[in-house]
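Here's a quick briefing to read with the structure open beside you. It goes through the metal site and then the charged pairs.

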Amino acid sequence: MRLLLLSDIHGNLEALEACLNAAPEHDGVANLGDVVGYGASPNQVIEIVRSMNPISVRGNHDRCCCGLEDTTDFNPVAAEAVEWTRRELTAINLDWLRALPSGPLCDKRWKDVQFVHGSPLDEDEYITSEFSADAALESSPFHLTFFGHTHVQGAFARRGLRTAALEGDPLRSTTGAHISHLRLDPTLKYLVNPGSIGQPRDYDRRAAFALYDSTKHEVRFYRVPYDIARAQERILQAGLPKILAFRLEEGR
Ligand code: ZN
């Protein structure tokens, strides 16, 4: 069984379409939060995600953009994007966002797996280091925790009392996508971040997603080029802060 892992789309339609075009066949979809905020296509992106009927958890931008929370904790640029997004969203899409659950979430089709936005300990926590990953893995009874929020693709594993960051091994690809592959040891606990589709922050501007194969015990990480110029143009046309356009080409 194969699960498509999408996270931090952030209203970037061009990036989402490129990822879905590059995605291999799958049996289910998981959305790890922050569907909107920053990008210029919040309604279109929500409609595509909704149509895939994914397992979904909410992100911090999702909460703010639908008015569940104010933007006190956001920097001024992120807050401006939240206000813009809230004005743009249709009533149906606002309702969809408001109904998204916080993690951790499980799904009976995917055994020994949990889904979160930030961390299983706190939906807003950033797992950026072996230290923060270790606390999350220690608390988790699950083989696999899929998370987002940091916009950095990668994984952590706990072996004995030690947690280490992992990278996938590059695979040869016949498409334009860059693919790397991580074999999972069924006896270990992992945290896996598919990376951000709409605003990567690991100095790789290509959109990121992942595919989990429960039969083969592996995760494949994808990086996909997309029409960044078009996404930037639409951010500027919308009157969103210019920095949100510029950062897309730097991948940070
Ligand atoms: Zn995000």
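**Zinc and salt bridges at a glance**

At 19% relative accessibility, Arg58 counts as buried, since the cut-off for buried is under 20%. Keep in mind that this is a predicted model. Arg58 belongs to a network of salt bridges, and there's a zinc ion held by four donor atoms as well.

- Arg58 makes a salt bridge with Glu123, and the closest N and O atoms are 2.9 Å apart.
- Arg58 sits in the loop between strand S3 (55-56) and helix H3 (60-65), while Glu123 sits in the loop between strand S5 (110-115) and helix H6 (130-139), so this pair ties together parts 65 residues apart in sequence.
- Glu123 counts as buried too, at 18% relative accessibility.
- Arg63 and Glu69 also pair up through their side chains, in a salt bridge of 2.6 Å from N to O.
- Put together, Arg58, Arg63, Glu69, Glu123 and Asp124 are linked in a network of salt bridges.

**Another pair, and the overall count**

- Arg158 forms a salt bridge with Asp134, with 3.0 Å between the closest N and O atoms.
- Here strand S7 (residues 154-159) supplies Arg158 and helix H6 supplies Asp134, so the pair ties together parts that are 24 residues apart in sequence.
- Arg158 counts as buried, at 14% relative accessibility.
- Searching the whole structure turns up 15 salt bridges.

**The zinc site**

- On the protein side, the zinc ion's donors are Asp8 (OD), His10 (NE2), Asp34 (OD) and His151 (NE2), lying 2.1 to 2.4 Å from the ion.
- The donor residues follow the spacing D-x1-H-x23-D-x116-H in sequence.
- What about the geometry of the zinc site? The angles among the four donor atoms run from 87 to 175°, and the site is irregular.
- A tetrahedral label would need all angles between 85 and 135 degrees.

Technical notes. Residues are numbered from 1 along each chain as its sequence is written. This is a predicted model: local features need pLDDT of at least 70, side-chain atom pairs count only at pLDDT 80 or more; totals for chains, interfaces and linings use all residues. Side-chain values use heavy atoms; hydrogens and water are left out. A salt bridge is a side-chain nitrogen of Lys or Arg within 4 Å of a carboxyl oxygen of Asp or Glu. Helices (H or I, at least four residues) and strands (E, at least two) are DSSP runs, numbered from the N terminus. Buried means under 20% relative accessible area, exposed over 50%, partly exposed in between (1.4 Å probe, protein chains only). Donors are N, O and S atoms within 2.8 Å of the metal (3.2 Å for Na, K and Ca); water is not among the atoms, so sites may look incomplete. Four donors count as tetrahedral if all angles lie between 85 and 135 degrees; four count as square planar and six as octahedral if opposite donors are over 155 degrees apart and all others between 65 and 115; anything else is irregular.
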